[in-house]
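Colleague: I would like a close look at a single part of this model, with the terms spelled out as you go.

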Amino acid sequence: MTAIKHALQRDIFTPNDERLLSIVNVCKAGKKKRNCFLCATVTTERPVQVNVVKVKKSDKGDFYKRQTAWALRDLAVVDAKDAIKENPEFDLHFDKVYKWVASSTVEKNTFISCIWKLNQRYLRKKIDFINVSSQLLEESVPSGENQSVAGGDEEAVDEYQELNAREEQDIEIMMEGCEYAISNAEAFAEKLSRELQVLDGANIQSIMASEKQVNILMKLLDEALKEVDQIELKLSSYEEMLQSVKEQMDQISESNHLIHLSNTNNVKLLSEIEFLVNHMDLAKGHIKALQEGDLTSSRGIEACTNAADALLQCMNVALRPGHDMLHAVKQQQQRFSDLREQFARRLASHLNSVFVQQGHDQSSTLAQHSVELTLPNHHPFHRDLLRYAKLMEWLKNTDYGKYEGLTKNYMDYLSRLYEREIKDFFEVAKIKMTGTTREGKKFATLPRKESAVKQETESLHGSSGKLTGSTSSLNKLSVQSSGNRRSQSSSLLDMGNMSASDLDVADRTKFDKIFEQVLSELEPLCLAEQDFISKFFKLQQHQSISGTMNEAEEMDGGTLSRLHTSGVPQTVSSEKDMIRQMMTKIFRCIEPELNNLIALGDKIDSFNSLYMLVKMSHHVWTAQNADPASFLSTTLGNVLVTVKRNFDKCISNQMKQMDEVKISKKSKVGILPFVAEFEEFAALAESIFKNAERRGDLDKAYIKLIRAVFVSVEKVANESQKTPRDVVMMENFHHIFATLSRLKISCLEAEKKEAKQKYTDHLQSYVIYSLGQPLEKLNHFFEGVEARVAQGIREEEVSYQLAFNKQELRKVIKEYPGKEVKKGLDNLYKKVDKHLCEEENLLQVVWHSMQDEFIRQYKHFEGLIARCYPGSGITMEFTIQDILDYCSSIAQSH
């Protein structure tokens with residue numbers, strides 16, 4: 001083993017500047033035995049690194065190679081398996097557990113002992129040794145020596161130590177001086193012995209020569225000791241003298257400390273007193289302003305505002321620990337509380353008086369607005385109250401109960417005031433719409449019965465809900481003949497020299513202006529009041545909120561009380577919700593009054609819903625752009641729903657009346673009333689909805705109405721007895737096409753094309769049906785000719801048929817001279833004239849189409865004669881020019 005150890009040291013560890021301390025021959029447990037060596041090594045350079053190296057014999061030769069190395073600091077546990085019995089197995093716990101079997105127990109114990117020593121020296125017991133005999137570990141530390149091996153020499157750990165360079169050099173010099181030592185060892189040893197004796201003698205003589213010097217040194221030491229004793233005596237006397245001085249200095253130091261502590265306390269006390277005086281002292285002028293300040297003048301209000309702010313600062317000062325236990329501080333705080341309570345009570349009482357007074361003053365101005373369609377201006381009232389805005393903010397922060405009371409009182413007073421103003425305002429608007437006075441007298445220019453208008457007005461005044469009743473005269477449409485419609489319209493011409501159409505336009509224009517004026521008056525009123533509420537009551541208008549409030553819900557007295565607990569405002573409802581609640585309470589009558597006005601307008605004329613839809617949509621759009629969640633936006637949005645329902649109801653009623661239409665059996669149909677009314681509706685709607693926000697609603701209504709008109713026209717045409725179906729369809733679809741072409745409604749392009757197609761188809765059908773076969777016998781003759789040709793007879797051979805020879809053809813032609821043809825056409829013209837109505841003026845169009853059809857038949861007959869009777873010289877007794885002259889003269893004569 002020693003030879004292997006030296007070989008490993010020489011070949012593996014010396015080149016790496018390492019020294020081999022211990023070695024053990026091992027193999028892995030549980031596997032085929034392939035021996036290797038575990039070596040404990042240390043580096044020769046500092047700091048010393050201790051490693052456990054696995055060395056294995058190479059498969060290609062007899063030399064050894066380094067396979068794996070572990071740092072000793074990574075070794076956690078050394079497990080010897082059994083501390084009593086001899087066992088060659090042991091485990092080393094590095095990054096994982098390595099199980100080894102040593103070639104002998106002695107080698108294992110020697111290796112573990114070396115590991116323990118290295119651990120003691122370099123790692124300070126950082127490795128756990130388990131199942132290791134205590135005797136084995138104790139043997140490594142001899143009794144009487146230090147328990148740590150750290151102070152020992154490295155040679156104690158190793159049996160062999162290599163000479164260093166200095167030692168090798170000394171030996172070489174000595175060997176060179178004794179050349180014969182190699183050949184004569186005894187002579188060399190004898191020489192070394194003699195030289196050693198010489199050295200010993202020199203050492204003894206040197207020691208004896210130094211004895212005299214030692215005695216001299218001892219005498220000097222004795223003298224030094226005596227001097228030291230004298231110095232110690234002097235130092236003792238000095239110490240006794242300084243003892244009294246030390247006591248005096250201690251007393252002075254303690255006195256200085258107390259003085260310094262007293263000065264520090266005085267400075268701190270002065271600072272605390274200055275803090276309290278500066279922050280909790282209210283000027284006499286502020287106290288006087290709070291107790292007696294004039295709340296009616298601008299200067300007094302400003303003084304009270306400044307005093308209130310100063311009081312609030314004194315009350316809200318952040319006291320330092322212990323201040324609240326001072327009696328003077330408690331007294332001052334109580335004084336501030338009394339001042340706050342007194343001023344808050346005085347301020348609330350004054351503002352309540354201002355609310356009442358302003359309400360009375362405003363009521364006195366209602367008379368001048370009762371005749372005009374305007375609402376009183378509240379700007380002076382708001383301007384006067386805004387002087388108290390800062391005081392209201394102070395009251396909100398200091399006494400929320402009184403702030404809440406003022407808010408409730410303001411809503412109560414103002415809601416009654418606005419209710420009177422708004423009701424009178426809407427009363428004037430209703431009177432202007434219906435044309436009646438307050439006593440129920442009608443204006444002479446309006447063609448309405450006095451009792452009906454008065455009954456409408458009274459029913460509206462007595463009810464706050466929606467109106468129900470008969471629809472307007474325009475909505476009650478009955479299908480009448482054109483003559484009846486003209487006679488009915490002419491009965492109205494005597495009233496103010498106006499036609500019925502002009503009267504409707506005038507009424508609707510007037511209603512539109514009145515409705516727009518109503519909305520234009522309400523909008524600034526609500527916006528001004530909302531802006532005032534936010535400024536006066538210090539509420540935020542433009543913060544984001546979640547959730548919406550029921551617009552019909554009124555704010556009762558308990559609503560505001562939910563916003564705070566024990567006088568401290570809570571975040572139960574946002575301030576914007578509070579503004580909406582206050583606006584809802586103050587203007588609770590706006591929505592019912594608007595609904596009543598809308599119902600009245602719809603009752604006067606259902607077409608008024610078109611005006612209202614456009615105006616209301618525009619105002620809702622404007623309000624939502626300003627603030628989507630404001631009271632005005634919400635209220636107008638609710639009313640817009642009602643207007644939209646009335647608009648849909650107007651469309652539904654017209655469709656229903658189309659479905660229920662009845663036609664006269666004694667007179668011709670002409671242009672159906674609902675077709676003319678659709679034209680009136682479309683023209684009116686296009687003028688109203690020009691550039692409107694709710695154009696989509698009108699387009700949907702157009703689609704519904706036009707489809708209903710198409711269906712109803714077909715129904716009436718099928719039921720008509722006096723007028724041919726094709727005439728009804730032709731005239732009405734021509735009227736619809738003309739209307740759509742003139743109005744250019746983009747959403748009805750498909751219906752316009754369909755109307756034109758239906759008009760063209762039924763015109764052609766009526767022409768063919770009415771014209772029929774004006775040359776009946778000639779028609780029958782040529783039908784027979786065409787039948788023979790269809791059977792396979794050649795056209796030029798038809799004349800050889802007995803029934804269709806030239807003589808028979810001449811007989812038939814002689815029966816239709818020009819005079820008879822003109823007479824037949826004249827009768828046909830009269831028949832067409834009876835069928836067609838005057839309003840649409842399609843007689844010439846139909847007559848021209850019949851002329852073209854007749855000429856087409858004539859050309860057809862001539863073509864058959866030319867093909868079937870070539871060279872016969874047979875011709876009709878009248879020409880195409882004759883037909884044109886006949887038709888022209890007939891048309892001119894009628």
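Colleague: Which residue in S2 does Glu-18 stand opposite? Please take the answer from there through the strands around S2.

Modeller: Glu-18 stands opposite Thr-43 in S2. Before going further, a word on the basis: this is a predicted model, in which local features need pLDDT of at least 70 and side-chain atom pairs count only at pLDDT 80 or more, while totals for chains, interfaces and linings use all residues. Residues are numbered from 1 along each chain as its sequence is written, and side-chain values use heavy atoms, with hydrogens and water left out.

Strand S1 covers residues 18-28 and pairs with S2 in the antiparallel sense over eight bridges; here two strands pair if DSSP finds at least two bridges between them. Strands are DSSP runs of E with at least two residues, and helices are runs of H or I with at least four, both numbered from the N terminus.

Strand S2 itself, residues 36-43, is mostly covered, with eight of its eight residues buried, where buried means under 20% relative accessible area, exposed over 50% and partly exposed in between, for a 1.4 Å probe and protein chains only. In a regular strand the side chains alternate between the two faces of the sheet. In S2, Cys-36, Leu-38, Ala-40 and Val-42 point one way, whereas Phe-37, Cys-39, Thr-41 and Thr-43 point the other way, and all are buried.

S3 spans residues 50-57 and includes Lys-54, which counts as buried because its relative accessibility is 10%. Leaving aside residues up to four places away in sequence, Lys-54 touches Cys-36, Phe-37 and Leu-38, and also Lys-28, Lys-65, Arg-66, Gln-67, Thr-68, Trp-70 and Trp-100, contact being taken as heavy atoms within 4.5 Å.
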